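Subject: Structure handover

Hello,

Please find the structure below. My notes on it follow directly after.

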Amino acid sequence: GEKGAERKVRIESANGSVAYYESEKGAERAVRLEMPNGSVQYYEGERGAERVVRVEFANSNVVHYQGEEGAERVVREEYPDGNVQYYE
């Protein structure tokens, strides 16, 4: 951003994880976290209330979540062989 309007877009941690952020200065919210093991977590929601909506694991499994931040629950798991499991 321009001088005085710089905003956080990425944090690279010593453990190898990389977190990505979006929005204006002061309202940055987490949108993605790439882990050293190859897993990627995706987030939605406003700053301070970001919730996990999907995790893509290194083994190609994909898990989908619903619910508010801190109360997320698994609703669907997708496997590389095409199988899908649904949860209520």
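H64 sits in strand β6, residues 62-66; strands here are DSSP runs of E with at least two residues, helices are runs of H or I with at least four, and both are numbered from the N terminus. Its relative accessibility is 15%, so H64 counts as buried. The classes are: buried under 20% relative accessible area, exposed over 50%, and partly exposed in between, with a 1.4 Å probe and protein chains only. Leaving aside residues up to four places away in sequence, H64 touches V53, R54, R73, V74, V75, R76 and E78; a contact means heavy atoms within 4.5 Å.

This is a predicted model, in which local features need pLDDT of at least 70 and side-chain atom pairs count only at pLDDT 80 or more, while totals for chains, interfaces and linings use all residues. Residues are numbered from 1 along each chain as its sequence is written, and side-chain values use heavy atoms, with hydrogens and water left out.

One of the contacts of H64 is E78, which belongs to strand β7, residues 73-78. E78 is partly exposed at 26% relative accessibility. Again not counting residues up to four places away in sequence, its contacts are S60, N61, V62, H64, N83 and V84. E78 and V18 are 60 residues apart along the chain, and their C-alpha atoms are separated by 24 Å.

Next, the chain as a whole. The protein chain has eight strands and zero helices. The radius of gyration is 15 Å, well over the 12 Å that the globule rule gives for 88 residues, so the chain is more spread out than a compact globule. That radius is taken over C-alpha atoms, and the rule is 2.2 Å times the number of residues to the power 0.38. Along the principal axes, the C-alpha atoms fill a box of roughly 50 × 25 × 20 Å. Of the 88 residues, 25% count as buried.

What share of the contacts with a separation of 6 or more comes from residues 24 or more positions apart? The share is 0%.

- β3 (residues 29-34) and β4 (residues 40-44) pair in the antiparallel sense over three bridges; two strands pair if DSSP finds at least two bridges between them. L33 has Q41 in β4 as its bridge partner. The two strands form a hairpin with five residues between them, and G38 in the turn has a positive phi of about 100°.
- β4 and β5 (residues 51-56) run antiparallel and are joined by five bridges. Here E44 stands opposite R51, and the bridge partner of Y43 is V52. This hairpin has six residues between its strands, with a positive phi of about 115° at G45 in the turn.
- β5 and β6 are antiparallel too, joined by three bridges. E56 is partnered by V62 in β6. Five residues lie between the two strands of this hairpin.

R51, in strand β5, touches Y42, Y43, E44, G45, G67, E68, E69 and E72, not counting residues up to four places away in sequence. From R51 to Y79 the C-alpha distance is 22 Å, for 28 residues of sequence.

S60 lies in the loop between β5 and β6 and has a positive phi of about 80° although it is not a glycine. At 46% relative accessibility, S60 is partly exposed. S23 is in the loop between β2 (18-22) and β3, and its phi is near 110°, a positive value in a residue other than glycine. S23 is partly exposed, with a relative accessible area of 30%.

Regards
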